[in-house]
Amino acid sequence: MAEENKVEILKKVRQTGGNVKGACTRAIFEYLRMAAEEKKIKEIKEKLKFYGYSLDPEKISPVRMYPLDFELAILFVLQEVLGWQEKEIKELGRNVPKLSFIVKFFIRYLVNLELGYKSSPVYWRSHFDIGQTETPEFNLKDKYLVLILKNFDLHPIYCVFLTGYFETMAKFILNREKVECFEEECTFKGFPYHKFIIKWD
Amino acid sequence: MVSNNNKEELLSQISELQESLDNLVTYIQDLNDFLATPFCYVNALWVIINANKAFFNFFEYSEIEIIGKDLGTIFLDRSIITLIQRMNLVEGKIFELETKVITKTGRIIEVNISVKAREDLEKNIIGYFLTFTDITQFKNIQEELEKEVQLRTKEINDSRIALLNILEDSETARLQAEEERNKTLAIINNLADGLLMFNSDEKLTLLNPQAEKFLGIQSKDVIGKTILELQNYPSLEKIIQAVGEDLKSVSRREIQINNDLIIEVSVISVTFKEKNLGNLIILHDITREKIVERMKTEFVSISAHQLRTPLSAIKWSLKMLLDGDLGEISLEQKEFIEKAYASNERMIKLINDLLNVTRIEEGRYLFSLSYENIANIIKEQYQAFKELAEQKGLKMELIFKQDKFPLVRVDKEKISLVIQNLIENAVHYTQKGKITITLESKDREIIFSVKDTGIGIPKDQQERVFSRFFRAENAILSETEGTGLGLFIAKNIIEAHGGRIWFESEEGKGTTFYFSLPIKEELGEFLRTF
C-alpha cells in the first residue's frame with residue numbers, strides 16, 4: 001500500500017473524530033522496547049512525524065484520549081519500518097493488554113468469563129469514544145462466544161490487531177492456555193459489522 | 001443546556017482530574033518500579049494480571065511472558081493455590097505461608113508469601129495481592145542451625161553415653177577396688193602379726209586385731225592419735241622406745257611386752273609411687289621360738305656340763321697312761337692312746353664352745369673387764385701358734401705398727417679366745433705361705449688383723465661366716481677338725497666389747513680377719529662409773 005493511500009486513510013479516520021485512551025499506544029511502545037532495537041524505534045518515531053504525528057508515543061498519558069488515527073498510523077509505520085505482517089501485528093495485539101495500565105486496572109473486576117463478556121460494551125466505551133460492541137452469543141457448552149463490533153471502520157490491519165487483543169482479554173478471564181480469536185465477518189469484506197469469534201479448549 | 005461558562009468550568013475540572021489521574025498513574029508506576037519486594041496481583045481466576053519489576057526480576061520472566069499466565073506457573077506445587085483458596089481471606093486480613101517457587105530458568109527458591117484478598121463492593125473476592133520474600137538464606141541458616149543442633153545433640157548424646165560408660169566403668173572399678181580393699185583388710189585382720197600403720201603426720205591410722213591382742217588396747221581408743229599421745233599406753237610405750245619417736249627403720253628388734261609375750265618389732269617405710277604414705281610397725285610374736293630356744297640352750301648347757309666331767313676324767317686317765325704313771329706302754333699302745341687323747345681334747349673344746357654359745361644365748365656370758373695391753377695378749381697367742389705354724393712350714397709374722405698402744409678395757413680371757421680362734425683358723429686353713437698378724441692404733445680404735453695365704457672363703461658362703469655351726473665347704477674338705485662355733489663366739493665377744501669384726505677373703509688366695517676395739521680413756525671411764 002502506497003504512502004499516499006495511507007495518508008488518505010488516516011485523514012479519513014481522523015475525520016470520524018474517534019479517540020482512544022493513550023494506554024494502548026503506550027503499551028505498543030513498551031512492547032517495541034522489548035521487540036525492536038533503539039534505532040528502529042527512533043525510525044518509527046521519525047516516520048510518524050513524516051505522517052504528521054509529532055507526539056512522542058512514549059510520553060503520552062495512558063488515561064487521556066488521543067486521535068484514533070494516531071494508533072492506526074503506528075500500525076502502518078510498524079509494517080513499513082519493521083516489515084511486520086498480520087502475524088506480527090496480531091502478536092502485538094496479544095501483548096498490548098498485558099502491558100496496558102488501563103487493562104490491568106479494568107480486568108481486576110472481571111471475575112468470570114460471562115461477566116467479562118457482558119461487560120465488554122462498558123470496557124469498549126472506557127477505551128474508545130466511537131464504535132459499540134454487542135454480545136449476542138455466549139456458548140459455554142461449545143466453548144465459544146461471539147462479539148459484534150459496529151461503527152468502527154478503521155482498516156483491516158486494525159481488525160487483525162483486535163483479534164490478538166481479544167484473545168488475551170479472554171485468557172485473562174478464562175485462565176486457559178489455548179484461546180483463539182478470529183474475525184468471521186468484517187465491514188471491509190462487505191458485512192455490516194465486525195463479527196469476532198472467540199474459542200477455547 | 002449548559003452555558004458556555006459552565007462548559008469551560010466543566011472542561012477545566014475534567015482537565016484537572018485528568019492531570020491528577022496522570023500523576024496517580026505515574027505515582028503507581030514509579031512505586032511498582034521502586035518496590036524491592038516482588039509482588040503480583042492475580043484475579044479471581046488465578047491469572048497473573050499485574051506485577052512489579054522486582055517480581056519479573058525475581059522470577060526471571062519478562063512482563064509479557066508472565067502476565068496472563070496462571071499463578072501455578074511460578075509454584076513448584078500448584079496445590080498451594082488450593083491452600084490459599086481455603087484460607088478465610090476476608091478483606092484486610094493478611095495470611096502468610098512458606099512454599100517453594102520456580103523461576104523461568106528452573107531455579108527453585110524458598111519463599112514466604114503474604115496473601116491479601118481483594119473484594120468488590122459486594123464483598124466478593126475479585127483477586128489477590130501476593131508478595132514474595134526470599135527465605136533461602138534464612139532457610140539455609142535455619143538448616144545449618146538445625147544440623148548444628150542435631151550435631152550438638154548427637155555429641156551431647158554421645159558424651160552422655162560415654163559418661164555413663166565411664167560412670168559404669170568407675171563403678172565397676174570402685175567395686176573392684178572395694179573388693180580388693182576388703183580382701184586386704186581381711187588379710188590384715190587375719191594376719192598372725194600385729195600391724196600399726198602411722199600416716200605421714202605420724203598419726204595412727206590402723207591397728208589390726210592381732211596388734212590389739214598383743215598390746216591390750218582397742219583400736220577405737222588409739223586411732224588418730226600421735227606417737228607422743230600413744231606413749232601414755234604402757235604396752236605401746238615399750239614399742240615406741242624400741243623404734244624411736246621418729247619411727248626410724250628398725251629390723252627385728254626383740255621386746256618383752258610381758259612375761260608371756262616376746263615380740264620382734266620391725267618398722268618399714270611405706271611408699272607408693274615415690275610418695276611417702278607413712279610407716280608400718282610389724283609386731284611378730286616370737287614367744288614360742290624364744291621358749292624353744294631357751295629350752296634348747298638349757299639342754300645343751302646341761303648336756304655340756306654333764307659331758308665335761310667324764311671327759312675330764314678320760315683326759316686325765318689318758319694323760320696318766322701316756323706319762324707312764326700306770327706302767328710302761330708299747331709304742332703302738334702310745335700311738336692309739338695319743339689319738340684317743342687328741343679326740344678327747346677336741347671333744348672338750350667342742351663342749352667348751354657349746355657352753356660359751358649357750359652362755360651367750362642366755363645372756364650369761366659375763367665379762368670380767370679390765371684395762372689390758374692388748375699387744376701382750378697377742379704376743380702370747382702368737383707364741384702359742386708359732387711352733388705349729390713352723391711345723392707346717394708356714395712363715396708367721398707379727399707386726400705392731402706403733403711402739404706403744406693404749407690400754408683397752410676388755411675381758412682378757414674372752415679377747416684371748418677371739419685372738420686364739422682367728423690365729424688358729426689361719427694356721428689350720430693355710431697349707432703354705434705366710435701368716436701376718438698386725439696390730440695398729442687408728443682413729444680411737446685398736447685394730448687387729450690376721451692375714452693368711454690359705455684356702456679362702458667362697459664368695460657365696462661369706463654371708464654366713466659368723467653363723468653358728470657354719471663351716472665353709474672347702475674348709476670341711478681340707479680340715480676335718482672345727483666346730484663351726486669359733487667365729488660365732490668371736491663375733492659375740494667383740495660386739496659385747498663395743499667393737500666390730502669383719503673379713504676380706506678370696507677363695508684360693510687367702511683371708512684377712514679384722515676386729516676393732518674402742519679406746520676408752522681410763523680416767524674418763526673411771527669418772528663415768530660414778
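A: Leaving aside neighbours within four places in sequence, B:Glu63 is in contact (heavy atoms within 4.5 Å) with A:Glu30, A:Lys98, A:Leu99, A:Lys104 and B:Phe56. With A:Lys104 there is also a polar contact between the two side chains, at 2.5 Å. A polar contact here is a pair of N or O atoms within 3.5 Å; within protein, one must be able to donate a hydrogen and the other to accept it, and residues adjacent in sequence count only if both atoms are side-chain atoms. B:Glu63 sits in helix α3 of chain B; helices (H or I, at least four residues) and strands (E, at least two) are DSSP runs, numbered from the N terminus. B:Glu63 counts as buried because its relative accessibility is 15%, and buried means under 20% relative accessible area (1.4 Å probe, protein chains only).

A word on how to read all this: the model is predicted, so local features need pLDDT of at least 70 and side-chain atom pairs count only at pLDDT 80 or more, while totals for chains, interfaces and linings use all residues. Residues are numbered from 1 along each chain as its sequence is written, chains are lettered from A and ligands numbered from 1 in the order in which they are written, and side-chain values use heavy atoms, with hydrogens and water left out.

Now step back to the whole interface. Here 28 residues of chain B are in contact with 25 residues of chain A. Together the chains bury about 2300 Å², 57% of it on carbon and sulfur atoms; this buried area is the accessible area (1.4 Å probe) that two parts lose on being put together, summed over both. B:Leu45, B:Ile49 and B:Ile64 supply 26% of what chain B buries against chain A, more than any other three residues.

On the polar side, eight residue pairs are in polar contact between the chains (both at pLDDT 80 or more). Five elements of chain B each supply at least two residues of its side touching chain A: α1 (4–34), β1 (39–43), β2 (48–51), α3 (63–66) and β5 (125–134). The largest share, eight residues, comes from α1(B).

There are also three salt bridges across the interface, each a side-chain nitrogen of Lys or Arg within 4 Å of a carboxyl oxygen of Asp or Glu. A salt bridge joins the side chains of B:Asp22 and A:Arg64 (2.7 Å, N to O).

Notes:
Buried < 20%, exposed > 50% of the residue type's maximum accessible area, 1.4 Å probe, protein only.
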